[in-house]
Amino acid sequence: KELVAREIHKKSLRRDRPLIKVNCAAIPVNLYESEFFGHVKGAFTGAVKDRTGRFELADSGTLFLDELGEIPFELQSRLLRVLQEGQFERVGAEQTQKVDVRIISASNQDLAKEVESGRFRRDLYYRLNVFPITTVPLRLRRKDIAMLAEHFLRLAARRLSVRPARLAPANIRSLEEYDWPGNVRELQNVIERALITARGGAMHFDLGAGDIPVCVVETPPMATALAANQTVVMTQAEMKQWERKNLQAALAESGGKIYGAGGAAQLLAMKPTTLVSKLKKMGLK
């Protein structure tokens with residue numbers, strides 16, 4: 001929703017003015033008025049200085065109200081007034097201020113049903129419902145899944161400072177066959193989780209219990225213990241076996257390449273000459 005709001009603002013005549021974003025679900029009930037309209041020093045306990053509200057910050061720009069349905073019913077009338085008149089007062093102030101703000105509002109609730117149930121003001125609903133935009137769920141645009149998955153994979157790899165794993169055609173098919181009740185956010189989280197658990201190997205996606213995608217990676221028992229922050233004690237022989245398997249995994253990932261970008265030495269963060277010496281010592285080709 002925020003991406004859509006950002007694009008609308010960026011392509012509008014207000015693009016050089018601020019885009020102010022408010023998550024209405026994250027505001028404590030007793031702070032709504034202060035958050036939206038600001039307050040003056042001494043207006044209430046804890047108001048130790050003047051504060052500028054979101055409407056004032058968004059003057060001549062765009063105000064994005066996310067999760068609009070979470071605004072308490074008793075406060076919706078004040079929101080309606082500033083939308084209709086372009087006027088408001090800071091909490092504790094007598095002076096009326098004027099603003100020119102474009103409103104983009106969003107909700108994952110069916111606000112029409114909220115109106116019928118009496119939980120959302122009818123006049124506010126029709127005041128906001130000027131140009132409705134319905135975002136299409138991911139399950140109805142499956143052709144986008146491969147592109148989004150690759151995009152999220154690059155983002156996660158950059159943020160985690162790891163080399164991106166490969167998404168095989170079978171991976172893409174598995175992702176495209178899932179219905180994604182959590183939409184794009186769920187896809188992003190699944191990709192990131194797979195990358196974290198698939199370092200040094202390919203990624204796999206299966207549908208687990210409850211139709212939740214589960215990342216399946218062949219992981220040595222010691223790696224599982226380390227990931228769980230458990231104490232692991234190994235013999236010298238086990239240490240050598242672990243190092244041998246790690247080198248083999250790096251060679252498999254790099255396709256046998258030792259030097260240069262994407263080579264096994266880079267994956268292992270060691271000098272190529274050191275790697276060659278270790279391979280010879282362990283009898284690995």
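Contact is taken here to mean heavy atoms within 4.5 Å. Under this criterion, and with residues up to four places away in sequence not counted, Asn23 touches Asp66 and Glu67 in the predicted model. Asn23 is located in strand 1, which spans residues 19-23. A further relation across the chain involves Leu68, which lies 45 residues from Asn23 in sequence; the C-alpha atoms of Asn23 and Leu68 are separated by 8.0 Å. With a relative accessibility of 39%, Asn23 falls in the partly exposed class, because this class covers values between the 20% limit for buried residues and the 50% limit for exposed ones.

The chain comprises 285 residues, of which 35% count as buried. Among contacts with a separation of 6 or more, 61% are accounted for by residues 24 or more positions apart.

The packing of two helices was examined in detail. Helix 7 (residues 145-160) and helix 9 (residues 183-197) have axes 9 Å apart and pack at an angle of about 50 degrees. Helix 7 is therefore oblique to helix 9, because the angle falls neither under 35 degrees, where helices count as roughly parallel, nor within the roughly perpendicular range of 65 to 115 degrees. The crossing of the two helices is right-handed. On the side of helix 7, the contact is made by Ile145, Leu148, Ala149, Phe152, Leu153, Ala156, Ala157, Arg159 and Leu160. Helix 9 contributes Val184, Leu187, Gln188, Ile191, Glu192, Leu195 and Ile196. Classified by residue type, the contact between helix 7 and helix 9 consists of 13 nonpolar, one polar and two charged residues.

Phe36 and Phe37 are both buried. An edge-to-face pair is likewise formed by Tyr178 and Trp180, with a centre-to-centre distance of 4.6 Å and 85 degrees between the planes. Both Tyr178 and Trp180 are buried. Phe36 and Phe37 also belong to an aromatic cluster, which Tyr32, Phe55 and Phe88 complete.

Conventions
Residues are numbered from 1 along each chain as its sequence is written. This is a predicted model: local features need pLDDT of at least 70, side-chain atom pairs count only at pLDDT 80 or more; totals for chains, interfaces and linings use all residues. Side-chain values use heavy atoms; hydrogens and water are left out. Axes are lines fitted to C-alpha atoms, for helices over the stretch in contact, and angles run from 0 to 180 degrees between N-to-C directions. Helices (H or I, at least four residues) and strands (E, at least two) are DSSP runs, numbered from the N terminus. Angles under 35 degrees count as roughly parallel, over 145 as roughly antiparallel, 65 to 115 as roughly perpendicular and the rest as oblique. A crossing is left-handed if the near helix is turned anticlockwise from the far one by less than a right angle, and right-handed if clockwise. Ala, Val, Leu, Ile, Met, Phe, Trp, Tyr, Cys and Pro count as nonpolar, Asp, Glu, Lys and Arg as charged, and the others, Gly among them, as polar. Buried means under 20% relative accessible area, exposed over 50%, partly exposed in between (1.4 Å probe, protein chains only). Rings of Phe, Tyr and Trp (its six-membered ring) pair if their centres lie within 6.5 Å; planes under 30 degrees apart count as stacked, over 60 as edge-to-face and the rest as tilted.
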